[in-house]
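Please look through the following briefing with the sequence and the structure side by side. It moves from the whole chain to single residues, one topic after another.

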Amino acid sequence: MQFPTRPPTSPSPMATTVATATAVASPSTSNSSSPSLLPRRRFIPPSSTPARCRLLPTPPRWRAGLHTARRVAVGSDVSSSPDAAAEEAAAASKVGKRVRVTAPVRVHHVAKAPGLDLRGMEGVVKQYVGMCKGKRITANLPFKVEFELKLDGQDKPVRFIAHLREQEFEIVGDE
């Protein structure tokens, strides 16, 4: 008797057919102490299935939904406010202006002056990063201000950039 098997192109290991054989005891050989005369099932391994059929299973279907969700999240419009152009124009007027820091702001990214307090220092607003390609983005510190710090023993001043809020500085004059 020949058992049916899957064609060798099937990639799933679960697709192989498990053949079962039924063994029934004849009434003449059975004794009365046997629990029941139900057929017993035993596993017959498929010897004709090639090794290439035992490939890894395909990824779950829920992963396909992730790609769609990512496209929707990236493609959605972030700027829901109609006054985005007015905000960009107001911030663009501050770019290039000389400003003085009025709030106590500490920066730790300047290697030659760690833990530097910017209060009272003057710098130039270089860029407004609250808008990107005409859309409003959620920048907590939207103004990039460039400072120059003169240190003892150095001929050139150390230049560094710090990101500030609009409330942390005041406009002193033009560059």
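The model is predicted, and the chain averages a pLDDT of 74, with 53% of the residues scoring at least 70. In its secondary structure the chain has 2 helices and 11 strands, and 23% of its 175 residues are buried.

**Overall layout**

**Confidence along the chain**

- Among the elements of the chain, strand β3 has the highest mean pLDDT, at 96, whereas strand β1, which covers residues 19-23, has the lowest, at 43.
- Over residues 15-26 the pLDDT stays under 50, and for this stretch the model has 21 contacts beyond four places in sequence.

**The five-stranded sheet**

- Strands of a sheet pair through backbone hydrogen bonds, and the pairing can be either parallel or antiparallel.
- In this chain, an open sheet of 5 strands is arranged in the order β10-β9-β6-β3-β11, and its pairing is antiparallel.
- Strands β10 and β11 are the edge strands of the sheet, since each of them pairs on one side only.
- Neighbouring strands of this sheet are turned against each other by 40° on average, when direction is ignored.
- Strand β3 is joined to β6 by 3 bridges, with the two strands running antiparallel, and V99 has G123 in β6 as its bridge partner.
- Strand β3 is also joined to β11, again in antiparallel fashion, by 5 bridges, and here the bridge partner of V101 is F169 in β11.

**Aromatic rings**

- A pair of aromatic rings is described by two values, namely the distance of the centres and the angle of the planes.
- The structure holds 3 aromatic pairs, and one of them is the tilted pair of Y128 and F143, with 5.0 Å from centre to centre and 55° between the planes.
- Because Y128 lies in strand β6 (residues 122-128) and F143 in strand β9 (residues 143-149), this pair ties together parts that are 15 residues apart in sequence.
- Y128 is buried, with a relative accessible area of 15%, and F143 also counts as buried, at 2% relative accessibility.
- F147 and F160 form a stacked pair, in which the centres are 5.5 Å apart and the planes make an angle of 25°.
- Since F147 lies in strand β9 and F160 in strand β10, the pair ties together parts that are 13 residues apart in sequence, and both F147 and F160 are buried.
- Ring pairs also link Y128, F143 and F169 into a cluster, and F169 is the residue already named above as the bridge partner of V101.

**Two buried residues in loops**

- Is K94 buried or exposed, given its relative accessible area of 15%? K94 counts as buried, because a residue is called buried when its relative accessible area is under 20%.
- K94 lies in the loop between α2 (84-92) and β3 (97-101), and, leaving aside residues up to four places away in sequence, K94 touches V125, F143, E166 and I171.
- One of these contacts of K94 is therefore with F143, which is itself buried at 2% relative accessibility.
- E168 has its place in the loop between β10 (158-164) and β11 (169-174), and at 13% relative accessibility E168 counts as buried.
- Which residues does E168 touch, not counting those up to four places away in sequence? E168 touches R100, V101, T102, A103 and V105, and among them V101 has F169 as its bridge partner in β11.

Technical notes
Residues numbered from 1 in each chain as written. Predicted model: local features only at pLDDT ≥ 70, side-chain atom pairs only at ≥ 80, totals over all residues. Heavy atoms only, no water. Helix = DSSP H or I, 4+ residues; strand = E, 2+ residues; numbered from the N terminus. Buried < 20%, exposed > 50% of the residue type's maximum accessible area, 1.4 Å probe, protein only. Contact = heavy atoms within 4.5 Å. Phe/Tyr/Trp six-rings, centres within 6.5 Å; stacked < 30°, edge-to-face > 60°. pLDDT = per-residue confidence, 0-100. Pairing = 2+ DSSP bridges. Axes fitted to C-alpha atoms, helices over the stretch in contact; angles between N-to-C directions.
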